[in-house]
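Thanks for opening this one with me. Here are a few notes to read alongside the model, taken one topic at a time.

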Amino acid sequence: GAFFMATLFMWSISVIFEILFNNRPELSTIFIGFLFFQSANLFIRKCSSSRDPDPLFVNTCVSLLHASITSAAVVSIVVKEWRRSGVHRMFEHSELVETTWSCAYEALCISCGYFAYDQSDMLLNGVYNTPSILLHHLVLLVCFTLALYRKLTINYLILTLICELHSISLHVRKLRRMSRIRDQNRTAVKVEWMLNFATFLSARFASHVLITIKLLRDATKFQQGGVELPLALTGMAAMNLLNVFLGMDLLSAYTRETRRR
């Protein structure tokens with residue numbers, strides 16, 4: 001916990017330095033995102049019927065809010081660019097690395113602010129089971145922030161956020177279990193699991209594998225000696241590994257839940 005809190009503090013100092021001393025006011029959207037989700041956290045706590053609401057429940061509600069907003073934003077950005085440029089042009093190497101689609105920079109800043117908020121909330125309230133989720137957030141913060149500083153690979157990172165479509169299913173299931181709503185409507189539970197696996201395979205697992213393949217195919221097109229390709233490949237390797245573990249956890253949870261019926 002101390003290590004991740006220290007890295008979060010160093011990250012925040014870095015962003016403040018960029019804004020104030022390198023004249024990057026557009027990066028202030030990161031802190032706007034942080035404050036928005038922190039405010040949502042406080043609002044949910046205040047509206048809770050309990051005097052001392054479960055920090056994990058509140059955290060999951062805010063995560064569901066982020067997943068919903070980000071999914072809508074990413075789909076809107078991709079569809080808008082698809083209509084404007086066409087599928088072939090929008091996935092060209094130069095388009096993914098050197099240009100930025102409309103509203104993509106702002107969307108990435110807000111998501112970066114969310115991951116900083118979520119990291120701090122998990123650390124302060126202890127709402128994490130293993131350090132893997134903290135490592136996941138740290139990898140995302142490093143990759144996202146460096147891309148925002150350099151204004152490179154923004155579109156690549158927007159595509160990785162398509163996985164938030166699956167996060168919606170994950171958070172809904174988690175909230176259902178925490179609310180002890182399990183088998184009252186078995187049809188609804190079956191539909192939930194179908195959506196969970198469908199979005200995991202398409203929006204998370206397949207999309208991240210395809211992005212990794214695209215990076216490898218275009219490896220020679222990246223600037224020689226630059227940090228973009230090594231950082232991107234390292235980040236995607238970590239994401240793909242975490243996706244494998246997540247898939248195993250989903251199968252295990254599904255098996256346990258079906259056996260209880």
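**Notes on the spaces and a few residues**

1. The lining of the largest cavity is made up of 16 nonpolar, 3 polar and 2 charged residues. Please keep in mind as you read on that this is a predicted model.

2. How much space does the largest cavity hold? Its volume is about 280 Å³. Cys143, Thr153, Leu157, Leu231 and Ala232 are the closest to its centre among the 21 residues that line it. The count of cavities of 30 Å³ or more comes to 1.

3. Helix α7 provides the largest share, with 7 residues.

4. Now for the open spaces. The largest pocket contains about 1,400 Å³ of space. Its lining consists of 43 residues, and those nearest the centre are Asn129, Ile133, Leu170, Lys174 and Leu246. Two or more lining residues come from each of α3 (55-85), α6 (104-125), α7 (132-150), α9 (164-178) and α11 (228-259).

5. Which element gives the most to the lining of the largest pocket? That is α11, with 10 residues. Sorted by class, the lining of this pocket has 19 nonpolar, 14 polar and 10 charged residues.

6. The second largest pocket comes next, with a volume of about 380 Å³. Here 16 residues form the lining, and Phe91, Leu159, Leu210, Ile211 and Lys214 lie nearest the centre. Helices α3, α8 (154-160) and α10 (186-217) each contribute at least two lining residues, and α10 gives the most, with 6. The classes in this lining are 12 nonpolar, 1 polar and 3 charged.

7. Glu95 is worth a stop on your tour. You will find Glu95 in helix α5, which covers residues 93-97. Is the side chain of Glu95 paired in a salt bridge or left without one, and what lies nearest with opposite charge? Glu95 is buried and has no salt bridge, while the nearest side chain of opposite charge, that of Arg84, is 4.1 Å away. A salt bridge here needs a distance within 4 Å, so Arg84 at 4.1 Å does not count as a partner for Glu95.

8. What else surrounds Glu95? Setting aside neighbours within four places in sequence, Glu95 is in contact with Glu81, Arg84, Arg89, Met90, Trp101 and Asn155.

9. Most residues other than glycine have a negative phi. Cys103 has a positive phi, near 70°, and sits in the loop between α5 and α6. With a relative accessible area of 48%, Cys103 is partly exposed.

10. The other one is Lys151, whose phi is positive and near 55°. Where does Lys151 lie? Its place is the loop between α7 and α8. Lys151 counts as partly exposed, at 43% relative accessibility.

Terms used
Residues are numbered from 1 along each chain as its sequence is written. This is a predicted model: local features need pLDDT of at least 70, side-chain atom pairs count only at pLDDT 80 or more; totals for chains, interfaces and linings use all residues. Side-chain values use heavy atoms; hydrogens and water are left out. On a 1 Å grid over the protein atoms alone, a cavity is a set of points where a 1.4 Å probe fits but cannot get out, and a pocket is an open set with protein on both sides within 12 Å along at least five of seven lines; lining residues have an atom within 4 Å of a point. Grid points are joined across faces, edges and corners, and a volume is the space filled by probe spheres set on the points. Helices (H or I, at least four residues) and strands (E, at least two) are DSSP runs, numbered from the N terminus. Ala, Val, Leu, Ile, Met, Phe, Trp, Tyr, Cys and Pro count as nonpolar, Asp, Glu, Lys and Arg as charged, and the others, Gly among them, as polar. Buried means under 20% relative accessible area, exposed over 50%, partly exposed in between (1.4 Å probe, protein chains only). Lys and Arg count as positive and Asp and Glu as negative; His and the chain ends are not counted. Contact means heavy atoms within 4.5 Å.
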